[in-house]
Amino acid sequence: SGPSDERVDKYYAANSIIPSLQKEKDYTVDEKQRTAVLTEEGVARCEKLLNVANLYDPVNMEILHCLNQALVAHKLYHRDVEYMVKEGEVLIVDEFTGRVMPGRRWSDGLHQAIEAKEGVKIQQENQTLATITFQNYFRLYEKLAGMTGTADTEAAEFDKIYKLDVVVIPTNRPMVREDRADLVYKTEREKFEAAAEEIAECHKRGQPVLVGTVSIEKSERMSALLKKRGIPHVVLNAKFHEKEAEIVAQAGRKGAVTIATNMAGRGTDILLGGNPEGQARAKADPETQPEEYAKLLTAFREAFEREHQEVVALNGLHILGTERHESRRIDNQLRGRSGRQGDPGTSRFYVSLEDDLMRLFGGDRLKNMMGRLGMEEGVPIEHRWVSKSIERAQTSVEARNFEIRKHLLEYDDVMNKQREAVYSLRRKILAKEGLRDYLFETAESILDWLLEQYFPAEGEPDLPGLQTQVQHYFGLSLEDLSLNLEQTAQQELRDAIWKAAVAKYEAKEQRLAPELMREYERIVMLQVIDNQWKDHLLSMDHLKEGIGLRAYGQRDPLVEYKREGFEIFSAMMDRVEDEIVRYLFLLEPAVQQEEKKVARREQSYSYSAPEKEEKRPGKTVVRKDKKVGRNDPCPCGSGKKYKKCCGAGS
């Protein structure tokens with residue numbers, strides 16, 4: 001993605017209004033679908049506050065878009081959960097890994113809305129320059145394979161999307177970790193208090209504990225509770241990721257308490273008793289102080305071996321999850337930090353009815369069961385039925401998320417065909433394969449179309465229209481062809497125009513040298529394709545946003561998206577061809593004498609209309625309005641294509 005030219009002050013204006021709106025009255029929020037929308041009353045209130053007559057008037061669409069994004073930013077995106085603020089910058093936090101994603105920004109104005117909400121400097125809105133889904137990206141490889149400890153729960157998706165089977169390989173040593181049933185509390189406060197009590201007990205007897213949280217906010221809340229109890233601990237989240245290796249290496253030491261987001265649940269090997277290499281490396285650099293490092297390593301190995309035996313006797317590393325994640329894979333990855341290579345270990349998840357998973361997806365059956373059992377303050381429910389209900393909720397969320405990914409892939413498959421066509425053309429241009437041939441073939445097809453429209457074999461010719469178009473594309477005057485146009489056949493006129501265009505282009509090539517001309521062709525073609533592709537992606541985004549409404553008219557949105565997407569793509573390719581031909585046939589590079597010695601890439605060039613031989617100079621073609629492509633809808637509103645309507649006779 002790259003910056004767009006949009007102004008950013010409108011986001012501050014939209015942000016100032018949201019706090020004054022009331023839930024249910026002025027807006028509604030659906031956390032399950034991740035949507036927030038203004039009600040009619042809310043729209044009227046915003047119009048009054050902004051002093052705008054009608055927010056849905058086309059001239060006010062930008063401020064309406066900013067209001068919608070500001071509402072989403074305030075009600076669905078939370079600091080230290082989906083994002084964090086560091087040094088005046090809003091950074092996205094990956095919910096699955098718990099890691100910050102530097103350089104990544106939400107598109108369509110959402111990131112700007114969050115920046116306005118947090119009171120930091122608003123950066124320019126991003127516009128998509130290239131796009132591809134992970135699924136289609138992976139499909140670019142001829143062979144696909146992978147290894148992970150948590151693929152079995154997603155076996156159906158691997159089969160459906162990639163046609164890959166999942167094979168379960170037995171563990172090297174028998175897994176002896178004890179996975180205890182979930183403890184379910186009525187409120188989140190009770191759950192955290194109970195979790196803190198269990199951590200205190202483990203710490204007292206010396207058993208190391210790894211506490212898994214779903215967000216930075218929850219990890220800091222748990223840390224505050226442990227501080228109150230005077231329990232020493234370390235926190236590993238996106239704010240302290242620099243110390244990750246050091247923290248994780250010592251998380252298995254006797255009495256250690258480590259609070260972590262999902263960062264610690266992936267690809268880390270926590271050794272019971274601690275990591276002697278890490279401890280020795282902290283005291284001496286193995287490269288600059290090899291002797292000191294070797295001495296320390298030997299000492300630490302002996303001490304850590306004794307500590308290892310003590311931790312094994314205490315039942316190994318205890319995993320305490322403070323919340324169930326939407327995906328079972330994430331929970332399994334957290335549990336998988338304990339009981340590695342035959343070591344002992346225990347795990348338990350603490351859950352409350354106020355957790356997002358339970359609140360949104362737990363279902364009424366589980367809540368009713370809790371009510372019948374008469375939950376009391378601080379008393380948990382521990383039963384395999386409860387764990388099964390939670391797993392069912394997770395399964396339903398995973399199925400829903402899979403449907404969303406599959407649906408997204410179906411739409412991206414349409415874009416993928418277009419992407420392949422554009423990128424294959426780009427690759428040929430980058431490799432300078434047949435640039436001149438491509439240009440001439442395209443120019444000939446445009447000339448044939450012009451003659452068909454303005455000089456048909458049968459019917460009245462439109463000579464002024466043809467003159468305008470030939471001048472527009474090729475910089476030629478029909479008067480220079482030495483033909484009696486009234487009595488000339490279409491083929492004869494075509495041959496004459498084409499011969500003059502080719503002669504003019506070859507003369508320009510001789511002045512510049514063929515090799516330099518190929519470089520100009522490459523630069524111009526790439527610029528035109530990139531600019532048009534960028535605009536095309538924006539058009540396809542807008543089409544996708546509203547295409548779902550076609551279902552109300554008993555039409556399949558996917559079929560409609562394919563049909564209209566093809567029409568938009570065809571029009572885009574027409575514009576690419578038009579601009580490539582026009583720019584290159586009208587291009588007159590101005591090469592300075594002193595720059596001739598400089599490498600080809602550093603030659604300066606400019607676009608201008610060419611000078612006619614022994615005639616007055618031609619005028620530079622300046623387009624004031626947006627050019628209408630041959631296959632675009634006619635601007636007159638007839639519903640026909642331009643080439644079949646006003647473009648046929650103008």
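The model is predicted, so local features need pLDDT of at least 70, side-chain atom pairs count only at pLDDT 80 or more, and totals for chains, interfaces and linings use all residues. Residues are numbered from 1 along each chain as its sequence is written, and side-chain values use heavy atoms, leaving out hydrogens and water.

**Nonpolar cores**
- A nonpolar core here is a set of buried Ala, Val, Leu, Ile, Met, Phe, Trp, Tyr and Cys residues joined through side-chain atoms within 4.5 Å; buried means under 20% relative accessible area (1.4 Å probe, protein chains only).
- The largest core has 58 residues, and L439, L466, F474, I497 and F585 touch the most other members.
- Helices are DSSP runs (H or I, at least four residues), numbered from the N terminus; those giving two or more residues to this core include α15 (384-430) and α20 (557-586).
- The largest share, 13 residues, comes from α19.
- Beyond four places in sequence, I497 is in contact (heavy atoms within 4.5 Å) with L447, L451, V470, L476, L478 and L481.
- A second, separate core holds 34 residues, among them A14, C46, V52 and V72.

**Cysteines**
- Zero disulfides (cysteine sulfur atoms paired within 2.5 Å) turn up in the whole structure.
- C46 is buried at 0% relative accessible area, and C66 is buried at 1%.

**Around S223**
- S223 lies in helix α8 (residues 216-228) and is buried, with a relative accessible area of 7%.
- Not counting residues up to four places away in sequence, S223 touches H233, V235 and I259.
- The side chains of S223 and H233 make a polar contact at 2.8 Å; that term means a pair of N or O atoms within 3.5 Å, where within protein one must be able to donate a hydrogen and the other to accept it, and residues adjacent in sequence count only if both atoms are side-chain atoms.

Conventions: Buried means under 20% relative accessible area, exposed over 50%, partly exposed in between (1.4 Å probe, protein chains only).
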